Amino acid sequence: MRGKLMLFLLPLPLTLPAQTWRPLFNGKDLHGWQMIRTQGRDTFAVEEGAMRTTGAKGMIWYTREKIGNAVLRIVYKMSNPKGNSGVFIRIPDPPKTEGDAIHRGIEVQIDDNDDDWHCTGTLYSITKALARPYKPAGEWNTMEITLSSLRTVVHLNGVLVTDYDGFAEAPPRKHPWEPQRGPRPESGYIGLQAHDERAVIYFKEVSVRPLR
């Protein structure tokens, strides 16, 4: 009698282990970050475990790596409803001025008062908001920005606000402070904007995880 070939298959796990979030801000100091100052004034400080704007215009950017094909998680709040800030992504080279981030990268806006092309969760002046799910001033908001090749997807507090494939033509610029149009890279440096003196913006978490 011929022997039979027996195959024993090990059961596969029902779910794959989740990728862990890696903090880019340590909650203690600005190690790994570099400020771009205006008129010599610091643009960010650390207070009670959060980065916060100081009232000086400019930005701060993460120097250690370019980020792409990943998800950024930003947890922030505003001191009052007039706050205006943003998260810069896809900056191709180390920025020397805020203009480098604006015109060569992309700004994911933080502003609850402007129109649907310039409000929180949009790619500033490039995409129109699909929703406006921000929480009131003084409460923490969670923004997740997914960078998948040239595609950028933004969720705010779990609600989809932006889904941009990176190829659709942006509307014409209406103001000189709106970003210059043109292609952006798949990966780049990230940064946080310090825009005005009307409100303080606090960032208690800036984390990243690779796409699954």
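Predicted model: local features only at pLDDT ≥ 70, side-chain atom pairs only at ≥ 80, totals over all residues.

**Arg184.** I looked up what Arg184 touches, skipping neighbours within four places in sequence: Arg90, Ile102, His103, Arg104, Gly105, Ile106, Leu150 and Pro179 are in contact with Arg184. Contact here means heavy atoms within 4.5 Å. Arg184 sits in the loop between β11 (159-164) and β12. Strands (E, at least two residues) and helices (H or I, at least four) are DSSP runs, numbered from the N terminus. Buried or exposed, I wondered about Arg184? Arg184 counts as buried, at 15% relative accessibility. The cut-offs are under 20% relative accessible area for buried, over 50% for exposed and partly exposed in between, with a 1.4 Å probe and protein chains only.

**Ground rules.** Residues are numbered from 1 along each chain as its sequence is written, and side-chain values use heavy atoms, with hydrogens and water left out.

**Whole chain.** I count 1 helix and 13 strands in the protein chain. From the N terminus the order is β-β-β-β-β-β-β-α-β-β-β-β-β-β. The C-alpha trace spans about 90 × 40 × 35 Å along its principal axes. Of the 212 residues, 43% count as buried. For contacts between residues at least 6 apart in sequence, I find that 67% join residues at least 24 apart.

**Cores.** Which residues have the most contacts inside the largest nonpolar core? They are Trp33 and Met143, in a core of 37 residues. Strand β6 (residues 70-78) gives the largest share of this core, 5 residues. Apart from it lies another core, of 8 residues, including Ile36, Phe88, Ile102 and Tyr189. For the record, a nonpolar core is a set of buried Ala, Val, Leu, Ile, Met, Phe, Trp, Tyr and Cys residues joined through side-chain atoms within 4.5 Å. I then listed the contacts of Trp33, again leaving out neighbours within four places in sequence: Leu24, Phe25, Met51, Ile60, Trp61, Tyr62, Thr63, Ile190, Leu192 and Val206.

**β6.** 8 of the 9 residues of β6 are buried, so the strand is largely enclosed by the rest of the structure. I went through its partners. With strand β13 (residues 201-210), β6 pairs in the antiparallel sense over 9 bridges, and Arg73 has Ser207 as its bridge partner in β13. With β9, the pairing is antiparallel over 7 bridges, and Val71 has Thr146 as its bridge partner in β9. Pairing means that DSSP finds at least two bridges between the strands.

**Open sheet.** In what order do the 5 strands of the open sheet run? I get β2-β5-β12-β7-β8, with antiparallel pairing. β2 (33-36) and β8 (106-111) stand at the edges with a single partner strand each, so one side of each is left without a neighbour in the sheet. Inside the sheet, strand β7 (residues 84-91) and strand β12 (residues 189-194) pair in the antiparallel sense over 3 bridges. There, Val87 has Leu192 in β12 as its bridge partner.

**Cavity.** I found 1 cavity of 30 Å³ or more. By definition, a cavity is a set of points on a 1 Å grid over the protein atoms alone where a 1.4 Å probe fits but cannot get out, and lining residues have an atom within 4 Å of a point. Points are joined across faces, edges and corners, and the volume is the space filled by probe spheres set on them.

**Positive phi.** Asn69 has a positive phi of about 45° although it is not a glycine. Asn69 lies in the loop between β5 (58-62) and β6 and is partly exposed, with a relative accessible area of 39%. Ser149, not a glycine either, has a positive phi of about 55°. I place Ser149 in the loop between β9 (141-148) and β10 (151-156), where Ser149 counts as partly exposed at 30% relative accessibility.

Terms used:
1 Å grid on protein atoms, 1.4 Å probe; cavity = no way out; pocket = protein on both sides within 12 Å on 5 of 7 lines; lining within 4 Å.
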